[in-house]
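Here's a quick tour for anyone meeting this protein model for the first time. Take a look at the picture, then read on.

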Amino acid sequence: MQKSVRYNEGHALYLSVVARKEGTRRGHLSKKTAENGRWSEKYFALHQNVLFYFDSDQSARPAGIYLLEGCACERVPSPKASGAAKEPPDKQHYFLISFGHEGQKPLELRTEEDSNCDEWVEAIQQASYSDLIIEREVLMQKYLHLLQIMETEKVAANQLRTQLEDQDTEIERLKAEIVALNKSKEKMLPYQSNQEEEDPDIKKIKMVQSFMRGWLCRRKWKIIVQDYICSPHAESMRKRNQIVFNMVEAESEYVLQLSILVNCFLRPLRMAASSKKPPISHDDVSSIFLNSETIMFLHEIFHQGLKARIANWPTLVLADLFDILLPMLNIYQEFVRNHQYSLQVLANCKQNRDFDKLLKQYESNAACEGRMLETFLTYPMFQIPRYIITLHELLAHTPHEHVERKSLEFAKSKLEELSKMMHDEVSDTENIRKNLAIERMIVEGCDILLDTSQTFVRQGSLIQLPSVEKGKSKVRLGSLSLRKEGERQCFLFTKHFLICTRTSGGKLHLLKVRGTLSLIECTLIEELDTTDEDYNSAGQGFNHLEFKIVVEPADGPSFSVVLLAPSRQEKAAWTSDISQCIDNIRCNGLMTSVYEENSKVSVPHMIKTLSKMHRKSDVRLHKDDVDICFSKTLNSCKVPQIRYASVERLLERLTDLRFLSIDFLNTFLHTYRIFTTATVVMDKLADIYKKPFTSIPVRSLELFFATNQGPWSGEPLNNKSPRLARKFSSPPPLSIPSRTSSPVHSRKLSLSSPVSNKSGVLDLSANSPTSTHNPSSPPLLQPIPKNMCSSLLYSLLFHLLVQCSETSHCTMSPASAFAIATAAPTSCPNVYSIGFTGPDKAYDKEFLIRRAATNRVLNVLRHWISKHSQDFEMNGELKTCVITLLEEVLRDPDLLSQERKATANILSALSQDDPEDSQLKIEDILQMAECPKTECFESLSAMELAEQITLLDHIVFRSIPYEEFLGQGWMKIDKNERTPYIMRTSQHFNDMSNLVASQIMTHTDVGSRASSIEKWLAVADICRCLNNYNGVLEITSALNRSAIYRLKKTWAKVCKQTKALMDRLQKIVSSEGRFKNLRETLKNCNPPSVPYLGMYLTDLAFIEEGTPNFTEEGLVNFSKMRMISHIIREIRQFQQTPYRIDHHPKVTQYLLDKTFVMDEDTLYELSLKIEPRLPT
């Protein structure tokens, strides 16, 4: 017999170590001993519900352990002080721990601080689980109460049952009496009939009257029923019932899918992971399937409830089911958040041959119906949106007075909130996943892509031209014979620019030298001057398609990278994005984080402080309001993205002087047609330029009055000032040393210049790429006394602005200087500047606001014109308005030289004709279709056909203006008028598919048809090599038509290699998993490329149908605009990269000839003639 309780000392020591390191509370307390009542100081550590105490904080073993579960802890008054007390009682605070079981004395403790005492009491109360015990007692009382109710109900049921039995007996007695009475009445009827015989005519009249009454009654009810059947209420109820029935069927299908996922994949893989040679670990199984089994159990219960409701039809009450389901749907957040990671783990596990073989065995199960594991893992992703759509349709057919109306509306609102939370969590990780996908594409890897603050901007193919380095001889590219060797795959992020090479196998390799460029160290030169060494070394004949990036690393010599874009439009897009990223780093608060992360660059403390205060200066910058709402996701400026906003707030954000986000700008310019017009946008930009003080919102100008330390503090803005008009005198002169100016068009804020604390001079010309600094030249800024620090910021800014216009030594843009200067000033004891006094202060302020407003307007116009030139080509009035505004800007006498050059470049880009106009257009294709063909199929090679199909497909694809992708115009009744180019693309796809099918069916013998199939598949394979996946789908869809697919004798003649090739091509362009394989292939391919347009139209349709353009409050759903813009940007990336394929008219005339093309019915009839149906 065991006499004592066994005690696991090792486990207790482990818990004591955990308590010392990670305990909830740790510290010294005084403990009252039970023997002599003295107080001794011990070191206590609380871990969960166990309290350890040690003799000292250095003791390795605990002196005692207390289990706190079920205990009570409260403060007790201080005992009366004795004469021997060392400390007065008011400095000591006591609390008592009482244990719930008998035989355990209470524990008395004390502390020296009141707050420490309260914290210990609160922590011990939580560790005692008293709340749970109380809740358990409450639940137990409820349970006992329910048991009493059940017993009472049983007694009542027995009483009712007895009463029913008595009533049944009484009913039987009454029935017997009625039978007896009827028998006695029947005996008396013959006697009465003999006495009262009626006239036969009266009987006939009564019969006719009875018939008419019955007929009228039936007719009346028939009319009532027919009227109700045709009424809107009955129609609504029928639709509502049909929606419910469809929901039950969809839920049954969903439960079946989850059941297959769990029973055919999850549980077998768990068993396999427990085998002796596991092909997969338990952790990987958990990572792949997440909580899918819990989701299955939940929906099985919900499905049973739905079936029970259907059994009680036509009474369909569903709201209570959703009330039960809603609190449990939070489990979807974990699944959606980690869904992409689970697919990545699955892809990694597939590299194991044993696992891949085992998985294919599971997928061959008949229950899977040929679907892959990835397909089943995707089903839960769409369940919450499906519920929202179902409830939306259900509410549309539920009357407002219906008993379930409010409950269904509440369920729909809760589901929408959950969907928004899931969308935010997915958006938070979307950028990280994109970066990781690119990082995996690069063989050597890239550590900078693991930075969560990196945001992907664009990628594409550029040609790197040889650049001249100091001390090296010039290298010429010649006639571009080395074009292929110089081709680079470039990736632009918000902080870095990556340059990679692509091998023949498709793998990317980061350049070992100068493959990673930090944008904080870069200067963008868009147009190379003839005096530039890189311009002379690069050769001639590039049509100004080259641009240069000058890099000034802090720990090495400067160098330059010269890149050549395939077209002028592509160059404008690249330079615009690069310049925006550089401006974002320096103007929008990213400066501090970038410098702190990159130890190579030193930034003056003053600018760090200004940058931090600039971001925090306006709380309303990212705070929800009645007309704007933000999400948790951050944009490239590291501020929350806009979820909903009014049109006025969006226009205000577009012209806000405080920051410029490339994400917001791209989204706005892609989708502004949905909620406003180009004229409204242009009028807003014109107002900002002409009347900045009245057009810019007050919240944007509040930065100038953020503190009383500024040079204009306390001075009200004079709205009647003559300087508020656009014409005003030139700025006051400054004594600036004259230096040799350079026409270099650069974009960089050089902040790596050190601040000398000894001399008090801030040398802004240091480390400049074009600087020829003379040590003997006088300093640019002279030291001033400390009491003049208040006028530092704006004086320094004005000094920089003037310097930017007169010298190339300072490469700070007006926007960059403005962003720094408008941050709240800080106390800087060692800062030196040239200040303004008197009336010059107000003038300086007005000048800065005008320069910043002008720079912002030019920045938006430059981005608009360079990336969205179609807006101005199709809208002559808009183009005229922009030209007028730019010409007015050029007439401004106070325009800085940098602004004047930027304005001239924008005006030149808007006025000049694109040299790509000489290329083949869609109108030329339509003219070729009218010309008769001169070649036959047999005389054309597969290479010629593939190249010309690719050329035609790309011409048709790139001709689609991006505004046709808005509003689902291709699905409307007037689709030919609203989206003519999308409809032409669709028609071209069908024509090419019909051409392939018709050409095969024109052959009468089996061998010729088999040869044609093999040749067309060879053409499709070449199209794949040319990245023309639209052409691949054109050919494979033609071969899958019933008229050709049923020709078994013909396919028997096709060789096995060709059939295997067709299987590979079909797998690439398969629509399974929302074109999962095609998306992966497009992500890894090197443009130019022609994707399948239907894939993007499906995405856009899903976005349009799932979310509205405006909220119920009339705010623009900008999250939806951002998703649409993301798809349009991907489409335009493929549109802007042209193919270098020569046009052969004879081949295109054959491809566009429709004389022998047959429709679907004719093809099937001809197929039946070639190979008739076998008799059944």
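## A covered helix

Which residues of α19 are buried? They are R649, L650, L651, E652, R653 and L654. Helix α19 spans residues 647-654 and is mostly covered, with six of its eight residues buried. Here "buried" is under 20% relative accessible area, "exposed" is over 50%, and "partly exposed" is in between, using a 1.4 Å probe and protein chains only. Helices are DSSP runs of H or I with at least four residues, strands are E runs of at least two, and both are numbered from the N terminus.

Keep in mind that this is a predicted model: local features need pLDDT of at least 70, side-chain atom pairs count only at pLDDT 80 or more, and totals for chains, interfaces and linings use all residues. Residues are numbered from 1 along each chain as its sequence is written, and side-chain values use heavy atoms, leaving out hydrogens and water.

## The whole chain

There are 43 helices and 18 strands in the chain. Of its 1176 residues, 48% are buried.

Now for contacts, meaning heavy atoms within 4.5 Å. Among those with a separation of 6 or more, 72% join residues 24 or more positions apart.

Leaving aside residues up to four places away in sequence, L650 touches I642, A645, F664, F668, F675, V1116 and F1118. In soluble globular proteins, nonpolar side chains tend to be buried together.

Y143 sits in helix α3, residues 130-195, and counts as partly exposed because its relative accessibility is 47%.

UniProt, in an unreviewed entry, places a "coiled-coil region" at residues 147-184; such annotations may be inferred rather than shown by experiment. In the model, that span is 100% helix and 0% strand, and its end C-alpha atoms lie 56 Å apart.

Most residues other than glycine have a negative phi. Q48, however, has a positive phi of about 55° and is found in the loop between β2 (39-47) and β3 (50-54). E369 also has a positive phi, near 55°, and lies in the loop between α11 (353-363) and α12 (373-378).
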